[in-house]
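Have the sequence and the 3D view open as you go through the points.

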Amino acid sequence: MTSEKQQEGLPEKPKRQRKEKPPAVIHIPAPTKKPWELSEQEVDLVRNHIAKGATNEELTFCLGVARRYKLDPFRGQIWFVKRADRNMDKKDPITKKWVKGYRWIPIVGINGLLHIAARDHKKHFGSISKVTFGPMIEVEWTEGYWGKDERGDAQWVTKAKHKIKVPEFAEVEAYKKGDDRPTVGQVFWEEIYPNVDNAPLVRQMPRLMLGKCATAQAVRKAYPATDGLYVQEEFMVEQYEPSEQAKLSEAKIGTLEEKVAHFQRLNGGKLPSEEQCGLLEQGRTAEEILLQASMPKPEPKVAVMPSQAQPEANKEVQADIWPKRQREVGEDL
């Protein structure tokens, strides 16, 4: 088919060809002489990837720990885990809601722990024995999820109960140069992993996980330079249980999120405004708020001064538009 310009005999403009954009060049700055001293760009990377979501104060703490141990976070020698702590739950002064408390814990791999021990205890660093395990015992774990009861409070919903066999304890010996007796690290399953409901990796490899915990304990006892550092396997189980205040706040927040989602569905995918969110939180339904928003807004009342009185003809036209109560006020003026 011919275009309108061709029918009129006018030449068509040639189509512009899109130029391919050259690939973006990423400039990676050279690392500093001391790996624990980071540039501003590297600090942002730590905030977004290694200690994700940390505030400036929390990030200062994390980087301060890395510097004291002389560990490089970019080499995976140290990273930080945000662990919930119900003793640090606090009430937000603005929203008046209870917020979960947490603390940042420095984590290293088992090889990183041994690296520090060998680096700072060169004269005394020796070898680590093979892990020995106690008798196998049977433990129970519960499959479930966090739900809500009839009142909307958070509660644990049990789906099924299972049993697995695990070692009762694990033991490791750390041999130091010049010492006749080794340093023993012994950990018991019930103390390290009292609840494995939310730890599938621990349930899959119980001997390996408990053995690493015993090795870490032996290294910390034998070499003081590693004190205060933990391996990831020691924090594979989340032992945190939210307080009653936090449970109530979570239930309220969950209800509000459901209301916002319902409002968005009714409003064609548009989220509620800040004022509308406040109405939802007060207990108003999405239907009521949208109905109120669809109604025409009343025109603002304008007081007419005596010197600005309208002619009689305009008064008759205005009388048909204004409500009766406002017309009588105008007449009194």
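In this predicted model, arginine 119 and aspartate 120 join their side chains in a salt bridge, with 2.9 Å from N to O. That pair belongs to a set of four salt bridges found in a search of the whole structure.

**Arginine 119 and aspartate 120**
- Aspartate 120 is partly exposed, because its relative accessibility of 39% falls between the 20% and 50% cut-offs.
- Arginine 119 also counts as partly exposed, at 24% relative accessibility.

**Lysine 159 and glutamate 143**
- Another of the salt bridges pairs lysine 159 with glutamate 143, and here the closest N and O atoms sit 4.0 Å apart.
- Glutamate 143 is in strand S7 (residues 136-148) and lysine 159 is in strand S8 (residues 154-167), so this pair ties together parts that are 16 residues apart in sequence.
- What about exposure? Lysine 159 counts as exposed, at 57% relative accessibility, while glutamate 143 is partly exposed, with a relative accessible area of 31%.

**Glutamate 234 and arginine 220**
- Glutamate 234 and arginine 220 make a salt bridge as well, with 2.9 Å between the closest N and O atoms.
- This one links distant parts of the chain, 14 residues apart: arginine 220 is in helix H7 (residues 206-222), and glutamate 234 is in the loop between strand S11 (230-231) and helix H8 (244-266).
- Glutamate 234 is buried, because its relative accessible area of 17% is under the 20% cut-off.
- Arginine 220 is buried too, with a relative accessible area of 15%.

**Cysteines**
- Cysteine 62 is buried, at 0% relative accessible area.
- Cysteine 213 likewise counts as buried, at 1% relative accessibility.

**The buried face of helix H2**
- Which residues of helix H2 (residues 40-50) are buried? They are Glu42, Val43, Val46 and Ile50.
- These residues span an arc of only 105° around the axis, so they end up on the same side of H2.
- The general rule behind this is that an α-helix has 3.6 residues a turn, so residues three or four places apart point the same way.
- As for partners, the buried residues of H2 pack against helix H3 (56-69) and strand S1 (79-84).

Conventions
Residues numbered from 1 in each chain as written. Predicted model: local features only at pLDDT ≥ 70, side-chain atom pairs only at ≥ 80, totals over all residues. Heavy atoms only, no water. Buried < 20%, exposed > 50% of the residue type's maximum accessible area, 1.4 Å probe, protein only. Helix = DSSP H or I, 4+ residues; strand = E, 2+ residues; numbered from the N terminus. Arc of directions from axis to C-beta. Contact = heavy atoms within 4.5 Å.
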